[in-house]
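Here are a few notes on this one, for when you have it open in your viewer. They go point by point, starting with a term that comes up later.

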Amino acid sequence: MLGENIRKLREARRLSQTELAKTLSVSKQSVSNWKIKTKGRNVL
């Protein structure tokens, strides 16, 4: 669910996974992992 919410918000702001990762100072792989499964850094 969290991954889906992140994707919807990211797409609404027209950000790529890479752009979101840079904004949050995390790797693109972290953003991808959140999409697949909630794990790692808590962004909320």
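1. A word on contact before anything else: here it means heavy atoms within 4.5 Å. Keep that cut-off in mind for the point on what covers H1.

2. This is a predicted model, so a look at confidence comes next. Mean pLDDT for the protein is 83, with 82% of the residues at 70 or more. Going by element, H2 comes out highest with a mean of 94, while H3 is lowest at 84.

3. The fold is quick to describe: three helices and zero strands. Reading from the N terminus, that gives α-α-α.

4. Which residues of H1 are buried? In this helix, which spans residues 2-12, they are Gly3, Ile6 and Arg10. Looking down the axis of H1, you'll find the buried residues within an arc of 60 degrees, so they line one face of the helix.

5. And what covers those buried residues of H1? The cover includes both helix H2 (17-24) and helix H3 (28-36).

6. Have a look at the backbone after H1, too. Arg14 follows the helix and has a positive phi, near 55 degrees.

7. Last, the overall surface numbers. The protein has 44 residues, and 23% of them count as buried. Its accessible surface is about 3,500 Å², with 51% of that belonging to carbon and sulfur atoms.

Note on methods: Residues numbered from 1 in each chain as written. Predicted model: local features only at pLDDT ≥ 70, side-chain atom pairs only at ≥ 80, totals over all residues. Heavy atoms only, no water. Buried < 20%, exposed > 50% of the residue type's maximum accessible area, 1.4 Å probe, protein only. Helix = DSSP H or I, 4+ residues; strand = E, 2+ residues; numbered from the N terminus. Arc of directions from axis to C-beta. pLDDT = per-residue confidence, 0-100. Areas by Shrake-Rupley, 256 points an atom, 1.4 Å probe, with all protein chains shown as cover.
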